[in-house]
Every structure is written in C-alpha cells, then in structure tokens.
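Please keep the sequence and the model in view while reading.

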Amino acid sequence: MTHVLGEAERRDPRRAGGKGASLARLADACPVPAFFVISSEAFDADGLKPDAAEAVAEAIERLGPGPFAVRSSGLEEDGALAAHAGQFSTELQ
C-alpha cells in the first residue's frame, strides 16, 4: 500500500482529496513549492500508522531543509458537493 502518493495518484481526488488534487493540478500549471500527499490509508484511529511514518519521513527528507507547511485535509474537502472552510489547520514545522 502506498502511503505517500505518487505523481499520478495525487491528481485523483478520490485518493488525494480535493485539496491535494487541486494542488497537483496547480503544480502542472505553474511553479509551486515542493509537496507530497499522504493517503488516508496511512492513518488509523491512533494517528499515523508506524509503517506510514517511515514513508513520510523519507518524503520529508526528499523535500530538503524546512521550514514546511503541514496542511490537514480530508478526502471530501474542496469537492463539488461540500465545502469545509475553516475546519482544517495549517502549521509551520
């Protein structure tokens, strides 16, 4: 199972959510800071699964030195049928 989505997967809102897919499309059109999308399967009730933590650590290492903006999101965020403005957070790490 892929916990950090690849180029093609992150364009699919069913895998990356509306926010992740929108950012991937934006990156096709103009320069954006490097980013990656973590799949919803990477999480369980306790948070990030241990095997996913390793994949996320490797993805962070590939980004290079920070700081980083960490954006929480949901699969239905920024979708055609629902808006969740203000319900998620962004933190600088």
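A nonpolar core is a set of buried Ala, Val, Leu, Ile, Met, Phe, Trp, Tyr and Cys residues joined through side-chain atoms within 4.5 Å, where buried means under 20% relative accessible area, exposed over 50%, and partly exposed in between (1.4 Å probe, protein chains only). This is a predicted model, in which local features need pLDDT of at least 70 and side-chain atom pairs count only at pLDDT 80 or more, whereas totals for chains, interfaces and linings use all residues. Residues are numbered from 1 along each chain as its sequence is written, and side-chain values use heavy atoms, with hydrogens and water left out.

The chain has two helices and four strands, which are DSSP runs numbered from the N terminus (helices H or I, at least four residues; strands E, at least two), and along the sequence they follow the pattern α-β-β-α-β-β. Of its 93 residues, 20% count as buried.

The largest nonpolar core consists of five residues, Leu-5, Ala-16, Ala-24, Phe-35 and Val-37.

| Residue | Residues in contact |
|---|---|
| Leu-5 | Arg-10, Arg-15, Ala-16, Val-37 and Ser-39 |
| Arg-10 | Leu-5, Ala-16, Gly-20, Ala-21, Ala-24, Phe-35, Phe-36 and Val-37 |

Arg-10 is found in the segment before helix H1 (13-29), and it counts as buried because its relative accessibility is 10%. The side chain of Arg-10 also makes a polar contact, at 3.2 Å, with the side chain of Glu-7; such a contact is a pair of N or O atoms within 3.5 Å, of which, within protein, one must be able to donate a hydrogen and the other to accept it, and residues adjacent in sequence count only if both atoms are side-chain atoms.

In helix H2, Ala-52, Val-56 and Ala-59 are buried. Seen down the axis of H2, its buried residues fall within an arc of 60 degrees, so they line one face of the helix; the arc is that of the directions from the helix axis to the C-beta atoms. The buried residues of H2 pack against strand S2 (47-48), while Pro-50, Glu-54 and Glu-61, on the other side of H2, are exposed. After H2 comes Gly-64, whose phi is positive, near 95 degrees.

Notes
Contact means heavy atoms within 4.5 Å. Lists of a residue's contacts leave out its neighbours within four places in sequence.
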